[in-house]
Amino acid sequence: MRIPETRGPVSSALFKVLAQAPDAAGPGLDGLYSLMVRQLAGTGDIIADEDIQLALFCLYELHYSGLDGVSDSWEWEPALIRVRRLIEEPFEAALRAAAKEAAGNFELPDGIAMTSDAVADVLFGLAATDTGPSLSRYVARKATLDQLKEFLVHKSMYQLKEADPHTWAIPRLSGRPKAALVEIQADEYGGGRPERMHSALFARTMRGLGLDDSYGAYVDTVPAISLASVNLMSLCGLNRRLRGAITGHLAIYEMTSSQPNRFYGNGFRRHGFGPDITHYFDEHVEADAVHEQIAGRDLAGGLVEAEPQLLADVLFGATAVMAIDSRLTAHLMSSWEAGQTSLRAAVPAAA
C-alpha cells in the first residue's frame, strides 16, 4: 500500500521513522514513543482520532502487504512493536467500553450449559438486539450513485483484503473450531479460484463504478471510524490472547451478513447495474446463509466448548463489531441525509 498523507504529528513522525532503515532510526523511534504517550493522553476519543487510527492502521499494514518503500524488516522491530502496543491498550479499552454499551441489558441465560448450540443461540440473540438505522435498507431504497461509490470506498479498506485478519486465527485454534474457520476461509478465498476470491469480486464491483480497485487507493479519503473498524479486526487477529474475540467477530459478521447483502445488491440493481457488478453481494447472500451456522456453532460454539474461559472474549468480539459498525452507519447516514459527503475528501477518479 502507498504511504498515506499524514493526519497529524503521530502519523508524520511514524512515516519519517519508516523512511529509514530500522538500525538507523533509534532517536526517531524514541521520539515517536514519547510523542505517542503525549498524544494518547490528550485524545478524547481514540476511536475517532484521525491521526492515531491512521498510525495504527499503517503499523498493522506492516503485517499484511506492507507499505511502499518501507523495509520489510520493520515488521518485527521491537521498538516499533512497543509503539503499536502503546496504542493497542487504550484502543482495546475503548472497544470494550463500546461493546459493553452495545450489549445494553443483554444477559446470558441462567442455568444453561454453554454448548456450541447455546453459544450460537446467544450470538443470534445478540444480533437481534441491533435495532439501529439500517444502512443496507438505505442503500437499497435511497442511495444515489455517488453515495454507492462512497459506500464502496469505505468498504474497500477491508474488502480488498477480505478474510485476511481472521486468517491469523487459524494456527491459534485446533480441532472443530479450526476446521470450521478453514471451511469458511476457503470460500472467502474462492475455493482455489483467484477470480472467485471475495476480494476479487469486490474489486470488480469497484471497477464497474469507475473506482480504483488497488488496495489502499482511498486511504486518504476515509475517516478514522472506517480505519478503526479494520484496526479492530487486526487487533484481535494479531494477538493470540484475543483468539476468542476474532472468532466472535467473524461469527457475528457471518450471522448478520446475508440479508443486508441482498439489500446492497438491490441498491446497485436499482441504478441499472447487472450481475457482474452485484456478484459480490449476491455471493454473500448465499455463502453467508451457510457460513452463519458454521461460524456460530462450529467456530465460536466449538471454541467455547473447548476453552470455556474464552466465552467473554467471543462476546466481546461480537459486540465490538456491532458497536463500531453502528457508529460507522450513523456517520454515513447522518452525512448523506444532510446532503454531505461521508468522506474526508472527494473521491478521485480511477486512472
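The model is a predicted one, and it holds 18 salt bridges.

**Aspartate 117 and arginine 297**
- The side chains of aspartate 117 and arginine 297 form a salt bridge, with an N to O distance of 3.0 Å.
- Because aspartate 117 belongs to helix H5 (residues 116-128) and arginine 297 to helix H14 (residues 275-306), this pair ties together parts that are 180 residues apart in sequence.
- Both partners are partly exposed, aspartate 117 at 40% relative accessibility and arginine 297 with a relative accessible area of 23%.

**Arginine 243 and glutamate 307**
- Arginine 243 and glutamate 307 are joined by a salt bridge whose closest N and O atoms are 2.6 Å apart.
- Arginine 243 lies in helix H12 (residues 243-255), while glutamate 307 lies in the loop between H14 and helix H15 (311-337), so that the pair links distant parts of the chain, 64 residues apart.
- Arginine 243 is buried, its relative accessible area being 9%, which falls under the 20% cut-off for that class.

**Aspartate 282 and arginine 269**
- A salt bridge also connects aspartate 282 with arginine 269, and here the closest N and O atoms are 3.1 Å apart.
- Aspartate 282 is partly exposed at a relative accessible area of 26%, and arginine 269 is partly exposed at 35%.

Definitions and conventions: Residues are numbered from 1 along each chain as its sequence is written. This is a predicted model: local features need pLDDT of at least 70, side-chain atom pairs count only at pLDDT 80 or more; totals for chains, interfaces and linings use all residues. Side-chain values use heavy atoms; hydrogens and water are left out. A salt bridge is a side-chain nitrogen of Lys or Arg within 4 Å of a carboxyl oxygen of Asp or Glu. Helices (H or I, at least four residues) and strands (E, at least two) are DSSP runs, numbered from the N terminus. Buried means under 20% relative accessible area, exposed over 50%, partly exposed in between (1.4 Å probe, protein chains only).
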